[in-house]
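Work through the following exercises with the sequence and the coordinates at hand. Each task sentence is followed by a solution that goes step by step.

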Amino acid sequence: MIMTLNELLRSKVRDFQAETEKNIGVVSEWQASLARLFNQLKEWLAAADPDRILQIQESFKEVKEPGLGHYSAPRMDIRALGQWIAVLPKARRTMRSATPPRSLSPENATGRVDVTDDLLRYILYRFGTGESEIWTIEGPDGSALQELNAKTLEAALVSYFR
Amino acid sequence: MKTLIEAWEWYTAARDNLLRMKRLAIRHWNDESLRDSSIWKDERFKQIEAGDLESQTSRALAPLEDLGVLVLFSVFEAAVRDHLEKEIRPESDKIVHLILRQAADEVFDGIRQGSLANHVLTPLKDQGKTDPNLSDKVKQVRDYRNWVAHGKREPRPMSVVNLAPLDAFDRLREFLDVLGIPTRPDLVEHRPIDERRITNELD
């Protein structure tokens, strides 16, 4: 039997809403984690740039993630000296597995945020959730993951402005 | 691409593989059973997330229908012009009179570079070599191709009919058949006609 456009759209809307509602808890946890990460990044940036040369603009972007539906996530644009760097949430669900710092065995990443100027890309992977979450940073050369902290963030930013 | 069939095969291959990639992104990319797959060690894939794959594929798919019509018509146009030139050349080679030779050269210029409608489609229709209805359908493909090639400026003129590549392919192939221009018959014979439609169900 051939579906009418109206039937098809209703069916798609039902599927889409069901998918979004099913994942609402996962998305909320991810959004809270991103909020914590972005606050931490701002603190580290403020400490590393006491002269306030970096112009930081925060906004929200709509993320469409297969399996999770649409959700809103923060993004950060950093501008200085004619350079632009974006901090962009990419995915809550990622297939990246690695041994994070302070861990003995490989774990599945639980989120990904990219730091990029479209040429150079550092990837922040999250492992664990909630209280036990840890953020790591992977360089453009794909070298071993390092824990994300003020020092490793600053080293990454230096490579954009060098 | 030299023949209409080759152009059609390019279009369907590009479309089907993009649709497969989109489906892979939406339905399978984050499947837990693939976690140990070798794909995540491949430099081309290891940093690609499902959302990126889906959005990039959608962007690639967006203009493909129009590109399909554009390429199909380009190949068709070249095939018709080549065919007519080859058909007329033996006749013109026999012409001795200078004025007639000059007139023949002008005809060749029209066939090679002139308006397809004025120098090819209309004369063929007027001479009864092609059905007026089919000729009009080919002109509709040409009009759509021109609209696409000039940037799809909105609003679309009322005279420009919206066409999918399959519509264009069917019309152009019929026209080539009427003129006796081969469209790679070796492949056509072995291809069930409905296969072209089955691939539409991939999405």
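**Exercise 1: a helix pair in chain A**

Determine how helix α2 (residues 24-48) of chain A and helix α3 (residues 150-161) of chain A pack, giving the angle and how far apart their axes are.

Solution. The model is predicted, and local features need pLDDT of at least 70, side-chain atom pairs count only at pLDDT 80 or more, while totals for chains, interfaces and linings use all residues. Residues are numbered from 1 along each chain as its sequence is written, and chains are lettered from A and ligands numbered from 1 in the order in which they are written.

Helices (H or I, at least four residues) and strands (E, at least two) are DSSP runs numbered from the N terminus. With axes as lines fitted to C-alpha atoms, for helices over the stretch in contact, and angles running from 0 to 180 degrees between N-to-C directions, the two helices pack at about 70°, their axes being 10 Å apart. Because 65 to 115 degrees counts as roughly perpendicular, α2(A) and α3(A) are roughly perpendicular to each other.

The next step concerns the residues that meet, two residues being in contact if their C-beta atoms, placed from the backbone, lie within 7 Å. From α2(A) come A:L41, A:W44, A:A47 and A:A48, and they meet A:A150, A:L153 and A:E154 of α3(A). Sorted by class (Ala, Val, Leu, Ile, Met, Phe, Trp, Tyr, Cys and Pro nonpolar; Asp, Glu, Lys and Arg charged; the others, Gly among them, polar), this contact has 6 nonpolar, no polar and 1 charged residues.

**Exercise 2: where the chains meet**

State how many residues of chain A are in contact with chain B, and with how many of its residues.

Solution. The contact joins 14 residues of chain A to 12 residues of chain B. On the side of chain A that touches chain B, β1 (55-65), β3 (83-91) and β5 (107-116) each supply at least two residues, and β1(A) gives the most, with 3 residues. By class, this side of chain A has 5 nonpolar, 4 polar and 5 charged residues.

**Exercise 3: the build of chain B**

Find how many helices and strands chain B has, and how its radius of gyration stands against the globule rule.

Solution. Chain B has 9 helices and 0 strands. Its radius of gyration, taken over C-alpha atoms, is to be set against 2.2 Å times the number of residues to the power 0.38; the value is 22 Å, well over the 17 Å that the rule gives for 203 residues, so chain B is more spread out than a compact globule. Along its principal axes the C-alpha trace of chain B spans about 80 × 40 × 30 Å, and 24% of the 203 residues count as buried.

Terms used. Buried ≥ 20, exposed ≤ 12 C-beta atoms within 10 Å, placed from the backbone. Parallel < 35°, antiparallel > 145°, perpendicular 65-115°, else oblique.
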